[in-house]
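Q: I have a model open and would like to go through it. Can we start with the core?

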Amino acid sequence: MRMARWLAISDAVAVRPRQGLVAAGGSLLAGLILCATGCQSTPDPVGPVGGAVVGALDVHCQDSGAPRVQPVNASSCHPTFDMAGGGQADMGASTGSEYGETLYNDEGNDDECKYRVKFTTTPVRKGSAVTFTATVTSLATNQPVTGAMTAPEVFLSETHPAPNSGADTTESPPGTYVIGPVMFDAAGKWTMRFHFFEDCTDAVEDSPHGHVAFYVNVP
Amino acid sequence: MRPPRPTTSRRVRAAGSPLTWALALASGLVLGCSSEPGVDGSTQCPNDLPASCPATVPSYQNDVMQIVQRGCASCHSATGVEFNRPLDTYSALYSQRQGVLTQIYGCRMPPAGAPPLTSAERQQILTWLVCQSPNN
């Protein structure tokens, strides 16, 4: 009896394999569609939208009106610290924190004047998944900075980082980095710090490593 | 003339179709829902930051210093590759507490390839940082 049933199952699968696949594929698609519409626990939020905080223009890479630019040397990413060979220790930005001042508006230069960074966001709201798009350009060459593996560091205060939301970064087109999702779990004046070439040392002046931070308002 | 199909085969197909639907719907729900942003803890990096400072604060001298020495100081000290961001003294760690918190909480430090913090170590240092990083 058990053998007969097994044979019958085999027969059923063998006789209609294509229909079975079609049914399974259709069912999977239907499931995904149902999920897309049904498993979000909260509706899309509405209300005021935040974003970059408008304020003073970034001029920290201007020395008496002349631009100050720090060229980058890829070979300084992983140096051997032979300072006699020309490497210069990087003791951080000259003013503010070791990461430099947090900037207003939606564009500015990194703390060491290596890169120009502009960013846009999807609507910024508390509790929403926000995507940042940052365009990074070399101040020395005016070319897109590729392969920077831009990583976000997002915090409201020194003891209040953004929740871990599985944010990922993709680069497309070259020099443009799409970062998200970023979640803001409270209203306020947040800081979004972009890190570039984080796997390179930050201890040598012309290392590709860099960072720039912007204020982001979350209503 | 087509041969008659076995009745058991028809019964299996009739029963299998709803089963296929149910399985596919369930897998679709699982696949689709698990791709939501992971603030619910579904990401690899846990959302385990203490909501507030507990009554018993981890000690810098007895707890945090050892964790930093083991997990950070090989790079973040005068002889390490990140010598310009030392963490091997209290004052150095305190001055960089915000960055240390976000880097550890976001699972970016210690970096891939370095010995990771244990769950207990992670909880101790995160709690100490949330408690305003006292020199206790």
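This is a predicted model: local features need pLDDT of at least 70, side-chain atom pairs count only at pLDDT 80 or more; totals for chains, interfaces and linings use all residues.

Q: Which residues of the largest nonpolar core touch the most other members?
A: A:Ala134, A:Val136 and A:Val182 do, in a core of 35 residues. A nonpolar core is a set of buried Ala, Val, Leu, Ile, Met, Phe, Trp, Tyr and Cys residues joined through C-beta atoms within 7 Å. Buried means that 20 or more other C-beta atoms lie within 10 Å of the residue's own; exposed means 12 or fewer, partly exposed is in between, and C-beta atoms are placed from the backbone.

Q: Which elements give two or more residues to it?
A: In chain A they are strands S6 (115-121), S7 (129-138), S8 (151-157), S11 (176-183), S12 (188-196) and S13 (210-218). Strands (E, at least two residues) and helices (H or I, at least four) are DSSP runs, numbered from the N terminus.

Q: And which gives the most?
A: S13(A), with five residues.

Q: What does A:Ala134 touch?
A: Leaving out residues up to four places away in sequence, A:Ala134 touches A:Val117, A:Phe119, A:Thr150, A:Tyr177, A:Ile179 and A:Phe194. Contact here means C-beta atoms, placed from the backbone, within 7 Å.

Q: What lies apart from that core?
A: Another core, of 19 residues, including B:Val64, B:Ile104, B:Leu117 and B:Leu129.

Q: On to chain B. How many helices and strands does it have?
A: Five helices and zero strands.

Q: How do H4(B) and H5(B) cross?
A: The axes of H4 (97-105) and H5 (119-130) of chain B come within 10 Å and cross at roughly 145°. Axes are lines fitted to C-alpha atoms, for helices over the stretch in contact, and angles run from 0 to 180 degrees between N-to-C directions.

Q: Which residues make the contact?
A: From H4(B), B:Arg97, B:Val100, B:Leu101, B:Ile104 and B:Tyr105; from H5(B), B:Arg122, B:Ile125, B:Leu126 and B:Leu129.

Q: Last one: how much of each chain counts as buried?
A: In chain A, 35% of the 219 residues; in chain B, 26% of the 136 residues.

Methods
Residues are numbered from 1 along each chain as its sequence is written. Chains are lettered from A and ligands numbered from 1 in the order in which they are written. Two residues are in contact if their C-beta atoms, placed from the backbone, lie within 7 Å.
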